[in-house]
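Subject: Structure handover

Hi,

Here is the structure for you to look through. My notes on it follow below.

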Amino acid sequence: MQNSAETPAAAIIGMRGDLRDARDLVIPELLGGHPVVSLPAHLLAGRPNLASVNIPETVTEIPEGFCFGCPRLLTVFLPKKLKKIGRCAFMACPQLALQMPSGVQIDQPAFEQMAVGPGAAGARILLRPPED
């Protein structure tokens, strides 16, 4: 996402602290008073206890491998104006449920390796109409 000179933007480049045991994460909408518009690839990959992630409305792209291999991830709250989901963003997240805006570009594979069968919730991806 490009911003004009009048609207400086912030990008998250990593996270401090040990997030291995984090359960619910909210990515901030603002950092230093500037909107967060960018997230790094693999930011939350391999978090064994992560259950939910809330991504701010200022982000329009979910990067490659964003939540790859999060076996307990249940819900990701996606921005209404999301434009793209990168490769492997939600692979190996067997219990994930998403409500995704329609018209999102999905770099395949983004959701493969989902568990199915007895005891597995399986991936649930619901499309919602675009917001005005």
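A nonpolar core, as used here, is a set of buried Ala, Val, Leu, Ile, Met, Phe, Trp, Tyr and Cys residues joined through side-chain atoms within 4.5 Å. Buried stands for under 20% relative accessible area, exposed for over 50%, and partly exposed for anything in between (1.4 Å probe, protein chains only).

Before the findings, a word on the source: this is a predicted model, in which local features need pLDDT of at least 70 and side-chain atom pairs count only at pLDDT 80 or more, while totals for chains, interfaces and linings use all residues. Residues are numbered from 1 along each chain as its sequence is written, and side-chain values use heavy atoms, with hydrogens and water left out.

**The core**

The largest nonpolar core contains 31 residues. V53, I55, F66, C67, L73, I85 and F90 have the most contacts inside it. Take C67: leaving aside neighbours within four places in sequence, C67 is in contact (heavy atoms within 4.5 Å) with L44, A45, L50, V53, L73, A89, F90, M91 and C93.

**Salt bridges**

By salt bridge I mean a side-chain nitrogen of Lys or Arg within 4 Å of a carboxyl oxygen of Asp or Glu. A search of the whole structure turns up two of them. In one, K84 pairs with D107, and the closest N and O atoms are 3.3 Å apart. This pair links distant parts of the chain, since K84 is in strand β8 and D107 in the loop between β10 and β11, 23 residues apart. (Strands are DSSP runs of E with at least two residues, helices are runs of H or I with at least four, and both are numbered from the N terminus.) K84 is partly exposed at 23% relative accessible area, and D107 is partly exposed at 22%. The other bridge joins D24 to R23, with 4.0 Å between the closest N and O atoms; D24 is partly exposed, at 49%.

**Backbone points to check**

Q108 and P109 are joined by a cis peptide bond with omega of about -5°, and P109 sits in the loop between β10 (105-106) and β11 (124-128).

Two residues other than glycine have positive phi values. H42, with phi of about 65°, lies in the loop between β4 (34-38) and β5 (52-54) and is partly exposed at 44% relative accessibility. C88, with phi near 60°, is in the loop between β8 (84-85) and β9 (97-101); C88 counts as buried because its relative accessible area is 17%.

Best wishes
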